[in-house]
Amino acid sequence: MSAKRIDGKAFAADVRAQVATHVARLKEENGLTPGLAVVLVGEDPASQVYVKNKGIQTREVGMNSFEHKLDAATSEADLLALIARLNADPTVHGILVQLPLPGHLDSDLVINAIDPAKDVDGFHISNVGLLGTGQKAMVPCTPLGCLMMLRDHLGSLSGLDAVVVGRSNIVGKPMAQLLLAESCTVTIAHSRTKNLAEVCKRADILVAAVGRPEMIPGDWVKPGATVIDVGINRIERDGKTKLVGDVDFASAVEVAGAITPVPGGVGPMTIACLLANTLTACCRAHGLAEPEGLTA
């Protein structure tokens, strides 16, 4: 029996609609408009597309979008000075520095210069520490989107066996922390894990975020498991370029209970959760109730 496909595109549209409703209420009841500042250094083509899409979707939900496009040769001092100005700007509630940065810039230094309360990517070391100790944090967007989809499909996650394949700071580690907070029993695995197939096969929830195309076949999936495929890999097949995940969808869909496709699964949720985080940051900055269902 074929697994249910978790439609990330439709789910993300619903999240954006919820954000837009909250933004309209903030404007009407509190005279506040959440603002997101995105900083792009250089002319990386993929980054330019991401920044453009973020700007469009930010404006569509009624937020203010502030785009700062800097020359690739921008000095570290100038970039840090811009971040300091954005930190001090009360109309800016979220700050995102688009990665990767040009090689002469220290990404860790730049990210950690952002006010943690405005760090809507959730990459600042303070937010990493807060998440790791179970305190209120800004949560990285992709893991937050995965959590939202899991809650929607499964309801309570308490007591479930969860395996996260991948140990990156952006997805793997924060995903594990979020699942722990939901009272899952969590294993972080990776490409060097011994008996990886057996580890994956025991998971009620399998999150694949290892960055290797179709690394996880269907016979590594527990029958009825929920599979969240974070991977986005571009490959050549039959003379054509296509996007595939870290899971072999064709075989896994016959075993899993539910699965996210690639494309159209986790991907659309990332920008939707960036908007949700910006809304949350605005509410926290003004001592207002956080939007229900849009935070961890």
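In which helix is the place of Leu180? Leu180 sits in helix H7.

The model is predicted: local features need pLDDT of at least 70, side-chain atom pairs count only at pLDDT 80 or more, and totals for chains, interfaces and linings use all residues. Numbering runs from 1 along each chain as its sequence is written, and side-chain values use heavy atoms, with hydrogens and water left out.

**View A. Leu180 in helix H7.** Helices (H or I, at least four residues) and strands (E, at least two) are DSSP runs, numbered from the N terminus. Leu180 has a relative accessible area of 46%, so this residue is partly exposed. The cut-offs are under 20% relative accessible area for buried, over 50% for exposed, and partly exposed in between (1.4 Å probe, protein chains only). Asp108 lies 72 residues from Leu180 along the chain, with 26 Å between the two C-alpha atoms.

**View B. The largest nonpolar core, with 53 residues.** Such a core is a set of buried Ala, Val, Leu, Ile, Met, Phe, Trp, Tyr and Cys residues joined through side-chain atoms within 4.5 Å. Val19 and Leu179 touch the most other members. Two or more residues each come from helix H1 (8–30), strand S2 (35–41), helix H6 (141–154), S5, H7, strand S7 (205–208) and helix H10 (267–285). H10 gives the largest share, 10 residues.

**View C. Ala208 in strand S7.** Ala208 is buried because its relative accessible area is 0%. The C-alpha atoms of Ala208 and Pro263 are 14 Å apart. Along the chain, 55 residues separate this pair.

**View D. The salt-bridge network of Arg59, Glu67 and Lys69.** A salt bridge is a side-chain nitrogen of Lys or Arg within 4 Å of a carboxyl oxygen of Asp or Glu. The whole structure holds nine of them. Glu67 is partly exposed at 32% relative accessible area. Lys69 reaches 60% and therefore counts as exposed.

**View E. The salt bridge between Lys136 and Glu290.** The closest N and O atoms are 3.1 Å apart. This pair links distant parts of the chain, 154 residues apart. Lys136 is in the loop between helix H5 (125–132) and H6, while Glu290 is in the segment after H10. Lys136 is exposed, at 58% relative accessibility. Glu290 is partly exposed, at 26%.

**View F. The salt bridge between Asp161 and Arg202.** Here the closest N and O atoms are 3.8 Å apart. Distant parts of the chain are again linked, 41 residues apart: Asp161 belongs to strand S5, and Arg202 to the loop between helix H8 (196–201) and S7. Asp161 counts as buried at 18% relative accessibility, whereas Arg202 is partly exposed at 39%.

**View G. A positive surface patch of Arg167, Lys173, Arg192 and Arg212.** Patches are made of residues with over 30% relative accessible area and no salt bridge; like charges are joined within 9 Å, and nonpolar side chains (Val, Leu, Ile, Met, Phe, Trp, Tyr) within 5 Å. Lys and Arg count as positive and Asp and Glu as negative; His and the chain ends are not counted. Arg167 occupies the loop between strand S5 (161–165) and helix H7 (172–181). Arg167 is partly exposed, at 44% relative accessibility.

Note on methods
Accessible areas come from the Shrake-Rupley method with a 1.4 Å probe; for residues, only the protein chains shown count as cover. The place of a charge is taken as NZ of Lys, CZ of Arg, CG of Asp or CD of Glu.
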